[in-house]
Amino acid sequence: MNPFILATLLFGLGLGTTITFASSHWLLAWMGLELNTLAIIPLMAQLHHPRAVEATTKYFLTQAAAAATLLFASITNAWLTGQWDIQQLSHPLPATMITLALALKIGLAPLHAWLPEVLQGLDLTTGLILSTWQKLAPFALLLQIHPTNSNLLIFLGLTSALIGGWGGLNQTQLRKILAYSSIAHLGWMILVLQFAPSLTLLTLIMYLIMTTSAFLVFKFNNSTNINALATSWAKAPTLTALTPLILLSLGGLPPLTGFVPKWLILQELTKQGLAPTATLAALTALLSLYFYLRLSYAMTLTTSSNNLTATTPWRFSSPQHTLPLAISTSLAILLLPLTPATMALLTT
């Protein structure tokens, strides 16, 4: 892609998210979301491959439906209450519709079916943008309207955590596994949104760090399915030894970074008298942990076939930039001791 066009599209991505962040009016927030969607579509279709075009079309139709629902709900709210302000969402009907529209935008279950299919059709770099940056603007709106629809948020959170863990169990494609991982993590964020918004923000930041690290590892190894992970020992042995720590951090095992948000969310749910919800959420984490362990096993405890027809993946020097990978990997593994400092920064 032409670098000037790429710079324009990335600028559009940043501008759309910034507009939504800064807006207090529903029309302005809707415009930022639309700009965000239109900026990423050329990036998704740049491979000119039928699978990429199919994924782009699915994404566009889904986001258009969510944006239309959001606009209709905001107009309904203005008609019923006379308010266009985002934080003045008092009527339950438009509040429910807007929550469901934003859930469709970010891929919360049961409105999640588009996300694994779309992510499977993209390259890993665009998939990384879709899994991280594209979640920010809808989450900014959810954080502003969170006092409404408590039962709906708990239902969306538990369903996403359950389907995100269950859906990834039988997958062999890494991008689909990361998509279901995204659904599960978003479920945890939505569960605690109405009780502790700062905790949701902390979980989102941790999710961005760990997902970025996982995508960059797979991009570095040029791996798109589980079988390709077995060749990574010969390409980058040190990175291969560290990757299970990243995956287990995504699963939420101590003493890794991913343990922080799950531990604090379960603690907060218990404080709010939602012990059954916390128990069910903890059980869904076991489902996710299974497929992370499966990836770790495939990467570190299996070797690639060495028959005559196989090509040996020799250890050539990689032309890729490894600084973002090094930073995100270090953060995904080592941030647990900084939990008190992080919580203090978010609550002040």
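This is a predicted model: local features need pLDDT of at least 70, side-chain atom pairs count only at pLDDT 80 or more; totals for chains, interfaces and linings use all residues.
Although histidine 48 is not a glycine, its phi is positive, at about 55°.

Asparagine 222 likewise has a positive phi of about 55° without being a glycine. Its place is the loop that runs between α10 and α11 (226–229). With a relative accessibility of 62%, asparagine 222 also counts as exposed.

## Cis peptide bonds

Alanine 109 and proline 110 are joined by a cis peptide bond, for which omega is about 5°. Proline 110 belongs to the loop between α4 and α5 (114–120).

Another cis peptide bond leads from proline 254 to proline 255, with omega near 5°. Here the setting is the loop between α13 (237–251) and α14 (259–271), where proline 255 is found.

## Two buried residues

Alanine 95 is part of helix α4 (residues 92–106). Its relative accessible area is 1%, so alanine 95 is buried, the limit for that term being under 20%. Leucine 70 stands 25 residues away from alanine 95 along the chain, and the C-alpha atoms of the two are separated by 9.8 Å.

Threonine 211 is located in helix α10 (residues 197–221). It counts as buried because its relative accessibility is 4%. Leaving aside residues up to four places away in sequence, threonine 211 touches Leu128, Ser131, Thr132 and Leu250.

## Helix α10 against helix α7

Helix α10 also takes part in a contact with helix α7 (residues 136–144); the two axes come within 11 Å and cross at roughly 170°. This angle makes α7 roughly antiparallel to α10, since angles over 145 degrees fall in that class. On the α7 side the contact is made by Leu136, Phe139 and Leu143, and on the α10 side by Pro197, Thr200, Leu204 and Leu208. By class, these residues comprise six nonpolar, one polar and no charged.

## Helix α9 against helix α15

Helix α9 (residues 174–191) packs with helix α15 (residues 275–300) at an angle of about 160°, and their axes are 11 Å apart. The pair is therefore roughly antiparallel. The crossing of α9 and α15 is left-handed.

From α9, the residues in the contact are Leu174, Ile177, Ser181, Ala184, His185, Trp188 and Leu191. Helix α15 contributes Thr277, Ala281, Ala282, Thr284, Ala285, Ser288, Phe291, Tyr292 and Leu295. The contact of α9 with α15 divides into 11 nonpolar, five polar and no charged residues.

## Transmembrane regions in the record

The unreviewed UniProt entry places the feature "transmembrane region" at residues 59–80, 92–115, 152–170, 177–195, 201–221, 233–253, 273–293 and 323–346. Two of these spans can be described in terms of the model.

Over residues 177–195, the chain is 79% helix and 0% strand, and the C-alpha atoms at the ends of this span are 29 Å apart. For residues 233–253, the corresponding composition is 86% helix and 0% strand, while the end C-alpha atoms lie 24 Å apart.

Conventions. Residues are numbered from 1 along each chain as its sequence is written. Side-chain values use heavy atoms; hydrogens and water are left out. Helices (H or I, at least four residues) and strands (E, at least two) are DSSP runs, numbered from the N terminus. Buried means under 20% relative accessible area, exposed over 50%, partly exposed in between (1.4 Å probe, protein chains only). Contact means heavy atoms within 4.5 Å. Axes are lines fitted to C-alpha atoms, for helices over the stretch in contact, and angles run from 0 to 180 degrees between N-to-C directions. Angles under 35 degrees count as roughly parallel, over 145 as roughly antiparallel, 65 to 115 as roughly perpendicular and the rest as oblique. Ala, Val, Leu, Ile, Met, Phe, Trp, Tyr, Cys and Pro count as nonpolar, Asp, Glu, Lys and Arg as charged, and the others, Gly among them, as polar. A crossing is left-handed if the near helix is turned anticlockwise from the far one by less than a right angle, and right-handed if clockwise. UniProt positions are given in the numbering used here, feature names are shortened, and annotations may be inferred rather than shown by experiment.
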